[in-house]
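Reader: I am new to this structure and would be grateful for a close look at a single part of it.

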Amino acid sequence: MRKLVGLLAAVSLLLTACGDGAASGGDPARKTIRIAYQAFPSGDLIVKNRALLEDALPDYRITWTRFDSGASINTAFVAGSVDIAAIGSSPVARGLSAPLNIPYQVAFVLDVAGDNEALVARTGSGVTDVAGLRGKKVATPFASTAHYSLLAALDRAGVKESEVTLVDLEPQDILAAWTRGDLDAAYSWLPSLDELRKTGTVLVTSRELATAGKPTLDLGVVATEFVRAHPAAVDAWRKAQSQALDLIHDDPAAAAKSVGAELNLSPEEAQRQLSQGVFLRPAELAGPAWLGTSAAKGKLADNLVSAAQFLKDQQKIDAVPDLAAVQAAIYTDGLPDALG
């Protein structure tokens, strides 16, 4: 009951804070776009910093709100207070599964997790490998890609979740607990990950886990109501995100300058952090490995179903959605032309 009350309170707070309420996203006459972003190196920060969407849609009022994890973004979608968001594939798998069943569409792949997410053991903890985490305290933001990857790493090492004390902390809270010496290890992402590495040892990265069959991604999702009411705006958003991906590949220094400005990093540091992620070319997104097209949905749906199955096996969700349902939640209208 306490969890239900907490969720209702969170939903109420989000509705109050965002003002527009659940109806605005589905109203064609109301030109407002409420975007949830996260502070990790990505093309999404380039779109924000360079006002690419604002330039493309001058008639829209566009607001950007920072969130610390995919779990809180899912709560915002449940509240109807977000139209578009940058969110990890594991939270999306949760969102598309029971009991959440969030009506949103996956419309973009921002990046594939590489060395920009990792499990780090604190110096002095005595932990030298994942198996050594038995009996230790490990932090990660619950319901995030890092949480999913942590569970996958434990499973791969033959460590039961019950053998580890897992702590639900957001990245900045992880840093504070780490500094106090309260944690033995943590699975997190950039930019906070870099601080953990300074006084710790990397045990496994998301790039390694992807190679082992447990890939994670950062996705762009759009509320289904908003897609129906504002398809042209969604196209403009996809083109802006494509511009950002092209900039990362074609002019990494310019891309790093924008990302650094958003994360309060030097351009050099931002470029180093960007180099640790895997960024696709826009044309790849409409290929069979990712979103696909309306005529032939790509393998991204299979990836999300696989993630949901893993979460179900770990007793984190109630049921796994069928592949057809997840394919229906992949927004491919207009691809590949809509990518610009």
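Leaving aside its neighbours within four places in sequence, which residues is leucine 300 in contact with?

Author: The model discussed here is a predicted one. Beyond its neighbours within four places in sequence, leucine 300 is in contact with Val106, Val109, Leu217, Leu219, Ala289, Trp290, Leu291 and Ile330. The surroundings of these residues may be described in turn.

Leucine 300 belongs to the largest nonpolar core, which has 72 residues. Within this core, Leu300 is one of the residues that touch the most other members, a group that also holds Ile33, Leu53, Phe77, Val92, Val106 and Leu304. Helix 11 supplies the largest share of the core, namely nine residues. Another core, of 29 residues, lies apart from this one and includes Val127, Ala146, Leu151 and Leu209.

Strand 4 covers residues 104–112, and strand 10 covers residues 217–223. The two strands pair in the antiparallel sense, over seven bridges. One of the pairs sets glutamine 105 against valine 222 of strand 10 as its bridge partner. Both strands belong to an open sheet of five strands with mixed pairing, in the order 2-1-3-10-4. Strand 4 is an edge strand of that sheet, as is strand 2 (61–66), and each pairs on one side only. On average, neighbouring strands are turned by 25° against each other, direction ignored.

Two helices accompany this sheet. Helix 4, formed by residues 70–79, lies across strand 1 (32–37), strand 3 (84–88), strand 4 and strand 10, and runs at about 145° to strand 3. Helix 11 (residues 231–250) packs on the sheet as well, touching strand 1, strand 3, strand 4 and strand 10. The direction of helix 11 makes about 5° with that of strand 4.

For context, there is also an open sheet of five strands in the order 7-6-8-5-9, again with mixed pairing. Strand 7 (165–168) and strand 9 (200–205) stand at its edges; each has a single partner strand, so one side of each is left without a neighbour in the sheet. Strand 5 (residues 117–122) and strand 9 run antiparallel and are joined by five bridges, with leucine 119 opposite valine 204 in strand 9. Helix 6 lies across strand 5, strand 6, strand 7, strand 8 (185–189) and strand 9, at about 135° to strand 8.

To return to the part requested, leucine 300 is a member of the 72-residue core, and its contacts include Val106 and Leu219.

How values were computed:
Residues numbered from 1 in each chain as written. Predicted model: local features only at pLDDT ≥ 70, side-chain atom pairs only at ≥ 80, totals over all residues. Heavy atoms only, no water. Pairing = 2+ DSSP bridges. Helix = DSSP H or I, 4+ residues; strand = E, 2+ residues; numbered from the N terminus. Axes fitted to C-alpha atoms, helices over the stretch in contact; angles between N-to-C directions. Contact = heavy atoms within 4.5 Å. Core = buried A, V, L, I, M, F, W, Y, C linked by side-chain atoms within 4.5 Å. Buried < 20%, exposed > 50% of the residue type's maximum accessible area, 1.4 Å probe, protein only.
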